[in-house]
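Here is a short briefing for a first look. Start with the display, then read the points by topic.

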Amino acid sequence: MTQLQTELQQPGPLEPLAAPTSSRRRIKLPSWLTLMLRNPKAQIGLGILFLFVLFAVIAPFVASASSATNFSYATREPPSWHHLFGTTDQGSDVWAGVVFGARRSLATGFFVAVLATALATTLGITSAYVGGFVDDTISLVTSVVFVIPTIPLLIDITAFLHQRGMTTMILVIGCTLWAFEARILRGQALMMKNRDFILAAKVSGESTRRIILGELMPNMISRIAAAFVLVFYIAILVEAGLEFLGLGDSAKSSWGVSLYWATVNSSVLQGEWWSFLFPGLAIGLTVLALTLVLAGIDEVSNPRLRGLPKNRSVLRLLARRHA
Amino acid sequence: MRWFLRRLAFYVFALWMALTLTFLIPQLMPGSPIGGILQHLSPQQIQQNPGIILTYEKIFGGKNVSLPSAYWQYLQHAAHFNFGISTSNYPTPVSEVIGRTLPWSIALVGIAFCLAFILGTTIGMFAAWRRGGGFDTIFVPLFMALGAFPAYFTALLIVYLFGLRLGWFPIQHAYGTDLTPGFNWTFFSSAIDHGILPALVIVLAFAGGWVLNMRTVMINTISEDYVAMAHAKGLKDRRVMTRYAARNAILPPLNGFAPQFATAVGGVIFVELVFSYPGAGFTLQQAALGKDLPLTQALLLVFAVCPIVAIFIIDLVNLVLDPRIRAS
């Protein structure tokens, strides 16, 4: 597929950066990143993501930490100037909950993504490169972990756990979310393995470690980045989901916990839309942003998916279809 | 035949892994599972049923049983669908609780998920065929955005809008509380009425993935030579789209059906919770919150087996649709 990509990219007049294949042996990251940063979908996604991270970082300046967990305000206030997002049944500020929740939700998602991507990359590449018995074993385990539903598995594990701190949750979620990416990365590495530059490195006597780290990995970096983004948003969804089910640390503020309290106190049935709408929107927008980044990465690495030229007049479309 | 044997080996292995995993999780966790279970039974309940501790030790392994023999006993018990007694529904056996709740989930997820697949791939097909057209520019971002929101959030929104504000559909439970389940029209219509909103949530949450998947594959398929050939032969546009492009493009999404189904099975827990739907997912959440470990463990097994069954069905469909598999 990568061979196909380079072939397809060469005649493309739009992206001069993608054309030179001679620089393949060096680390591809810069040109790949520049391409991605030019992609409109990725731009929007990264923009939204930046806003969320910004608010998570400056949370103490835009809201007070105590108002997220302190039940000191008038209860069930609709959004107003004093409480931008209203207050909950318990009298805490929804805005503070969302802003401080961003810290916990984003951090958990990020570290899970780091852990799961590391596992997936290691297992996927080892499996493809070593082959034989190792490959069979890893592939079998992967395909089984792949079909066991994550959420029930995590519910079962958390039911047996005695403490559900952030580190525990990161470890547990990270260890269950690697399988699908391990499969994809294995496939990529298999295709890459028999390419000339790897064979050349082998012939010139480079060590396996150096071939994998210095030759194979840099060429798979866009797929690994895609894996990271994918796991990142799945992790945010899964973590918020567990908290929503009441299986997280319900005393801390995070998006999932806000939604949990909104259902426990049956805010929905009482018509208090603000107590679930804003945390839910925060999750949805973050995930949407990451999906856009992912779509951007996909478009950069698969030119066929790239959008049509900007001026899509009806005539042009007709001409295209009958061409 | 060889293909079939390999698949058979996979099912058996996956089933065995699911069993082993459900056995191992309580063993790997800190603390003794038996102690945790007995905490949730009152002294009278234990006195009334002296054999209960032994039953739990046979399933979870206890002080008196070594790990391999506990494992062997667990497998034997699982083969007889004996998972002990649910502590939160004492004295109902776990298998009975599952038998009561699982059909609701299967009906809800089965119907809604297939609808999502059909709707999603159809939209994906049209979107790819008129790429950049009105259909493509409206529906693809719409479903992409819908797919980004967690199912429980969509569920809460739908409960708020259609259940509470507009009052079109009931928002709690699976059938009218004044009805007893039975094979009559009033019960069925009530069950359908209660099922519409949860099903809608599942369709909205999962159709998006199929739209994108089908669209991507279809775009690649359209540029194949045989599609150009079909056009050149002067076949009708619609016929080329359905019989030539979509017929081939459907295979990758179809193969993604089972893993997606595994996700959907997880997602249904949230939907059932929001709608208080008496299915297996809601029961699992309640069991996990109430630390009803025997029930949690058995339900995980059920949830792990569902995608394996789905893979089996998809393999059969694949056999019909993909001549390459039949030939090998």
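A salt bridge is a side-chain nitrogen of Lys or Arg within 4 Å of a carboxyl oxygen of Asp or Glu. By that rule, the interface of chain B and chain A holds zero salt bridges. The model is predicted. Chain B and chain A bury about 4,800 Å² between them.

**The interface**

- Chain B brings 58 residues to the contact, and chain A brings 53 residues.
- Carbon and sulfur atoms give 78% of the area of about 4,800 Å² buried between chain B and chain A.
- On the chain B side, Arg131(B), Tyr152(B) and Leu156(B) lose the most area to chain A. Together they make up 12% of what that side buries.
- Two residue pairs are in polar contact across the interface of chain B and chain A. Both are at pLDDT 80 or more.

**Chain B**

- Chain B has 16 helices and zero strands.
- Of its 328 residues, 51% are buried.
- Take the contacts in chain B with a separation of 6 or more: 72% of them join residues 24 or more positions apart.
- Chain B exposes about 15,300 Å². Carbon and sulfur atoms supply 67% of that area.

**A backbone detail in chain B**

- Ser276(B) sits in the loop between helix 13 and helix 14 of chain B.
- Phi of Ser276(B) is near 45 degrees. That is a positive value in a residue other than glycine.

**Chain A**

- Chain A has 16 helices and zero strands.
- Of its 323 residues, 53% are buried.
- Among contacts in chain A with a separation of 6 or more, residues 24 or more positions apart account for 71%.
- Chain A exposes about 14,700 Å². Carbon and sulfur atoms supply 66% of that area.

How values were computed
Residues are numbered from 1 along each chain as its sequence is written. Chains are lettered from A and ligands numbered from 1 in the order in which they are written. This is a predicted model: local features need pLDDT of at least 70, side-chain atom pairs count only at pLDDT 80 or more; totals for chains, interfaces and linings use all residues. Side-chain values use heavy atoms; hydrogens and water are left out. Contact means heavy atoms within 4.5 Å. Buried area is the accessible area (1.4 Å probe) that two parts lose on being put together, summed over both. A polar contact is a pair of N or O atoms within 3.5 Å; within protein, one must be able to donate a hydrogen and the other to accept it, and residues adjacent in sequence count only if both atoms are side-chain atoms. Helices (H or I, at least four residues) and strands (E, at least two) are DSSP runs, numbered from the N terminus. Buried means under 20% relative accessible area, exposed over 50%, partly exposed in between (1.4 Å probe, protein chains only). Accessible areas come from the Shrake-Rupley method with a 1.4 Å probe; for residues, only the protein chains shown count as cover.
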